[in-house]
Amino acid sequence: MTGIAILGGSGLDQLEGIDIERTETLDTPYGAPSDALTIGHLAGVRIVFLPRHGAAHTIPPHRINYRANLWALRQLGCDRVISVCAVGSIHGDIHPADIIIPHQIIDYTRSREHTLYDQDLDEVVHIDFTEPYCASLRTALIKAAESLGVDVHPAATYGATQGPRLETAAEINRMERDGCDIVGMTGMPEASIARELGLCYATIAVSANDAAGRHSGPLEMEGILNNVAKGMDVVRSILVKLLKSADS
Ligand code: HPA
């Protein structure tokens with residue numbers, strides 16, 4: 001069995017329009033996932049939905065059990081994972097409420113459980129992570145967006161920070177010098193654990209705000225949430241479009 005999973009993030013803790021078949025509370029060798037997994041149909045296609053911060057949005061980025069979440073999705077037969085998340089814009093061409101399909105990652109996170117290949121191993125494992133996202137799923141997301149006339153950013157480098165605090169202006173300047181276009185707190189180790197599990201994983205991101213130091217005044221939650229809500233409506237229609245054209 002093959003299946004598509006949607007990992008919801010800030011602004012997509014619940015998936016409207018899903019025709020729910022059942023929910024499953026799973027345990028994994030790595031502990032419990034962020035919440036019960038919802039199995040149902042969206043646009044007529046069977047999907048599994050999991051909100052990475054929990055349905056009530058109570059798990060901060062550094063406390064998410066990324067290993068358990070991805071393990072549970074695979075346990076339910078998913079081989080493709082669409083990760084939905086909110087990010088800050090670093091690149092001047094990326095504006096709040098824009099949609100981005102990143103193609104590269106720089107990992108600034110620390111002290112997270114970041115690998116399945118940790119101990120009691122028969123041999124040491126080093127996965128290839130040259131291209132961190134699944135090419136076919138990225139293409140499908142870009143095509144779905146373009147066919148809806150959405151002006152999507154088809155490539156960007158995602159800088160993953162530890163959080164939960166937002167960055168300083170100097171940190172964002174350093175990230176820009178490193179080549180980051182967007183900044184978020186959940187992209188890693190989610191992407192690399194998905195690769196360790198052999199899952200086809202891609203991200204669709206909504207810009208919630210201009211990153212620290214790229215706007216006047218402090219970052220206000222109200223503005224951030226408004227942009228996320230606006231962008232997530234578009235993400236939902238892209239997901240529906242993709243599922244309608246998916247042969248799953
Ligand atoms: N920084 C990190 N993560 C984020 C941001 C940000 O500015 N906006 C939304 N997620």
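**Ligand shell**

I sorted the shell around the ligand by residue type and got five nonpolar, three polar and one charged. My sorting counts Ala, Val, Leu, Ile, Met, Phe, Trp, Tyr, Cys and Pro as nonpolar, Asp, Glu, Lys and Arg as charged, and the others, Gly among them, as polar. This is a predicted model, so I note that local features need pLDDT of at least 70, side-chain atom pairs count only at pLDDT 80 or more, and totals for chains, interfaces and linings use all residues. Residues are numbered from 1 along each chain as its sequence is written, and side-chain values use heavy atoms, with hydrogens and water left out.

Which residues are around the ligand? I listed Ala86, Val87, Gly88, Leu166, Glu167, Val183, Gly184, Met185 and Asn209; a residue is on such a list if one of its heavy atoms lies within 4 Å of the molecule.

**Polar contacts and cover**

Next I looked up polar contacts, meaning pairs of N or O atoms within 3.5 Å. A polar side-chain atom of Glu167 lies 2.8 Å from a nitrogen atom of the ligand. From the backbone, I found an N or O atom of Gly88 at 3.4 Å from a ligand nitrogen, and a polar atom of Ala86 at 3.5 Å from a ligand nitrogen. On its own the ligand has 260 Å² of accessible area, and the protein covers 91% of that (Shrake-Rupley method, 1.4 Å probe).

Which elements give two or more residues to the shell? They are β5 (80-89) and β9 (182-184), and β5 gives the most, with three residues. Strands here are DSSP runs of E, at least two residues, and helices are runs of H or I, at least four, numbered from the N terminus.

**Aromatic pairs**

I counted two aromatic pairs in the structure; rings of Phe, Tyr and Trp (its six-membered ring) pair if their centres lie within 6.5 Å, with planes under 30 degrees apart called stacked, over 60 edge-to-face and the rest tilted. Tyr30 and Trp71 have ring centres 5.5 Å apart and planes at 65 degrees, so I logged the pair as edge-to-face. This pair links distant parts of the chain, 41 residues apart: Tyr30 sits in the loop between β2 (19-24) and β3 (37-42), Trp71 in helix α1 (residues 66-75).

Most residues other than glycine have a negative phi, and most peptide bonds are trans. Against that, I noted a cis bond joining Gly163 and Pro164, omega about 0 degrees. Pro164 is in the loop between β8 (157-160) and α3 (169-178). The bond from Met188 to Pro189 is also cis, with omega near 10 degrees; I found Pro189 in the loop between β9 and α4 (190-196).

Definitions and conventions: A polar contact is a pair of N or O atoms within 3.5 Å; within protein, one must be able to donate a hydrogen and the other to accept it, and residues adjacent in sequence count only if both atoms are side-chain atoms.
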